[in-house]
Amino acid sequence: MDSVDYKKTLNLPQTRFSMKAGLPQKEPLWLEKWKKSDLYKNILHEREKNGADSYTLHDGPPYANGNIHMGHALNKVLKDIVVKYQTMKGLKAKYIPGWDCHGLPIEHQVMQKLRKKKQTKTPLEVRALCREYAQNFVTKQTEEFKRLGIWACWDTPYLTMDYSYEANIIRLFGDLVERGYVGRGVKPVHWCAQCETALAEAEIEYDTHVSSSVYVRLKCSEGWAEKIGSNLSGGASLIIWTTTPWTLPSNMAVAVHPKLDYVLVEAGGETFFVAKDLLLKVISVVLAKDIDDISESDYKVLSEIKGSQLEGIRYEPLFDEYKKDKDEASSDTKDFSVILADFVTAEDGTGCVHIAPGHGEEDFHVAQSYGLGLRMFVDGRGKYMNGAPDFLVGKFIFKSNEPIIEYLETNEFLLKKEEISHSYPHCWRCHKVTFLRATEQWFINVDHNNLRERVLEIMDDVKWVPEWGFTRLSEMVKNRPHWCISRQRAWGVPIPVFYCRSCSHTVLDVSLIREVAEKIDNKGCDVWYSDTVNELCSLSKCEKCGEENFDKETDILDVWFDSGASHYALLKKSIDLNFPAQLYLEGSDQHRGWFQSSFLLSVAGSDVKPFEEVLTHGFVVDGQGHKMSKSVGNVVSPQKLIQAYGADLVRLFVASSDYADDIKISDDIMRQKVDAYRKIRNTCRFLLGNTFDFCPEKDEVAYKELTSIDRWALSKLQILIERSTYYYENHLFHKFYQEIYHFCTTEMSSFYFDILKDRLYTATPKSIERLSSQTVMKEILITLTRLMAPIFVFTSEDIWENMPDSWKPKSFVHEESWPIKNDQFIDASLEKEWEKIHEVRDQALKIIEKLRADKVIGSSLEALLTLHLPESFFDLFSEYSDNLAMIFIVSEVKIVKDTELKIVATKINGSKCVRCWIYSPSVGENLEHIELCDKCSTVMGELL
């Protein structure tokens, strides 16, 4: 007969789904298709029509300042995975994106651009420029988030600068006033001199700072001996140690612990009090000797007393300006005297603590308990004001340490000075060193109505992922001070309070606050600056003095109040969103920020938690684990990664990382992700290519008629569905990635596909063996694509588009439902059988590979395998005897019953079939197809 091109008789794979992904070019096309079809809105509408339950992942608002960075990408991709998964589960997962638009960073950027002109700008002009700046970055970030494949109601975001949102902030503030949580008072608060505003605890970050450390002697006044019941004569000193010499001008007292043991010591011509446990350390300072060199002859203990016995001992002020104050003070005043405080320890210093109530939280409270005054001479720019020692007035506090130390040394108060490096509070916005400064501010009292305790109790009813999130937030709540909510800036929501010009009476009235909220709802917060008091509300006369002129508060609310109010301003006001939300998902820094402010405001205002579950992730760092910094030059931008690899690779990076810790990123790491992606993509390409001619309506094989290996694959698929669902449900996306990578590369490509290739390529197109495999491969492909869809949002659509139309009722994979495990397809006994086969196969492949390495054979099909099998294996392998060559990818397999497993591989005799490449003695026996083996000859008889 005429010569036949046998290659054309093979069922070679056919698919338009290319091996090269080309994601940077293809992904924008998919975005355009989604936009044109209004895909997300249509899905939400469909869920609404079907009466689906809602799922609310509430977006923590990123700052509308700058382009997005890898932290944004990590956060938003994690959220999008959750939203897409919940959507495929059939829920109405309406995701409303938000932006934090007020606050110092935006105002600071605007002021920098204005330069000298900023002095001429009114608050209203500054606010207009800030609004424009924020809106610009909302627009930019929206497009950058969309490019990552993020689904959201982008046309209707919530912005903290929206009029309705601002009004709801005011309304919530009014609710808290009504419930008694809001008050005003003088208290030390964190202060940033660079930003000229108070800061809340959530706005503080800690970094290394070098401080001047000094040991200072304070001379005890007359009568000190009588105070401790001693008849000693002469002078004595209290020795204090501080790392903030600039606070010494504000010293009001010295604190000791009432229960600590103290000693009066004579050493080096000094007589001084010190905590007993710190004795040698302080003597080393006084004598300028190493502790190891000090002997008992170097000092003499004159007396031992408890700290409580030192109470009331008075000392001479350091600065001449304050001596008059001491002389004029009444005999019962505690100014410049020893007081008792439980926070004093014997771990560092001297056991005698310098108390500056104007610059320390604990100092302030203990000073209040003793009725001490408040000495605070530092202005908002961090400079000394009148009232401080003359040589310091006008100087910046952190540049005043040197002249203060020089003064101490000149006046013989200084014992020792040194530089120490330690963790110190910095402003999280400008990253400059902060300090504590006692000023009059507005606070939320976190202990009013047992708020702190109630928050801690309700936190127990929240699911925390990871679990340590509960411990971290609860410890912060336990130890936090009252919340300072006032800021001395222009760009934000004003605190709706009025002051009588005549008597300075403060008008904090709930009904007036709600009137102001209505005005803001219509015109925004600018009305606070543009309208008169009479235009804003119905306030007419001062209830205290009867006068009619009022001033408005100039402070604005802390931006954490803005964002923390989002549950009130958005969730409680929307019929489409749940309150409490099912999930809050943010970085670990939000334990001190949004998680905490949301919880405090929700419990204070509504007596309920704002969320059912909290997911916390770490930060993205460089390949060495270092924080990314423009100045260091180690920043990896998502925009560049998308341009180089595509958004799906960025999403894979996020999904494959254990977000519980900080996540490293580098070129090497991205190359690893590219390799993993390629293997998963090629698995799908193989499935597409080998099912191109499969028509389910005509070709699908019933489960009972499927071959054993196909039923095994179908069973494995059900396990994959079960595990994948568990991992998605519990936000363990990196576990899902590991599972699907193993499924694609090990169970499919390296095993199942290897075994199938012969039947897929060489059997007749409609043979039961080929159709059996295609039936299962089609199921695997559809399921795999849906499982990957929340992560590979673009690739999954590409796969879906390349499937035959008859397979899919929906145009987009994201319209599909989540796969459901079919327990009828799980066959544990069959899986165990194939595990045994797999075990022997792995050993055989190693032996065959050695033959190839030794050049005994070229292809594995040149091998003949002889399997010596124990009885427990022999019966099983006998059942599969007709398929063993296909399973082991060799030309022939012989099995022999033996006492133990032994595998022998040799080169087979026989000729190579040009169609299937198997070596067989049957090649040449069929004269019509002399180059074919008997199996291929039979196939050709059916084809021709």
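**Worked exercises: loops and helix pairs**

Asp607 lies in the loop that runs between helix H19 (594–606) and strand S24 (613–617), where helices (H or I, at least four residues) and strands (E, at least two) are DSSP runs numbered from the N terminus. The model is predicted, so local features need pLDDT of at least 70 and side-chain atom pairs pLDDT 80 or more, while totals for chains, interfaces and linings use all residues. Residues are numbered from 1 along each chain as its sequence is written, and side-chain values use heavy atoms, without hydrogens and water.

**Exercise 1.** Describe the peptide bond between Val465 and Pro466, and then the one from Phe579 to Pro580, and place each proline in the chain.

*Solution.* For the bond that joins Val465 and Pro466, omega is about -10°, and the bond is cis. Pro466 belongs to the loop between strand S16 (463–465) and helix H13 (468–479). Turning to the bond from Phe579 to Pro580, omega is near 0°, and this bond is likewise cis. Pro580 sits in the loop that separates helix H18 (566–571) from strand S23 (583–587).

**Exercise 2.** Work out how helices H4 and H5 are arranged, and which residues form their contact.

*Solution.* First take the axes (lines fitted to C-alpha atoms over the stretch in contact, with angles from 0 to 180 degrees between N-to-C directions). Those of H4 (residues 104–114) and H5 (residues 123–147) come within 9 Å and cross at roughly 110°. H4 and H5 are therefore roughly perpendicular to each other (under 35 degrees counts as roughly parallel, over 145 as roughly antiparallel, 65 to 115 as roughly perpendicular, the rest as oblique).

Next come the residues in contact (heavy atoms within 4.5 Å). H4 contributes Ile106, Glu107, Gln109, Val110, Met111, Lys113 and Leu114, and these meet Val126, Leu129, Cys130, Tyr133 and Ala134 of H5. Sorted by class, the contact of H4 with H5 holds nine nonpolar, one polar and two charged residues (nonpolar: Ala, Val, Leu, Ile, Met, Phe, Trp, Tyr, Cys and Pro; charged: Asp, Glu, Lys and Arg; polar: the others, Gly among them).

**Exercise 3.** Find the crossing angle of helices H28 and H29, and list the residues through which they meet.

*Solution.* The axes of H28 (residues 828–853) and H29 (residues 871–879) come within 11 Å and cross at roughly 105°, which makes H28 roughly perpendicular to H29. In H28 the residues in contact are Glu833, Lys836, Ile837, Glu839 and Val840, and in H29 they are Ser872, Phe873, Leu876 and Phe877. By class, the contact of H28 with H29 comprises five nonpolar, one polar and three charged residues.
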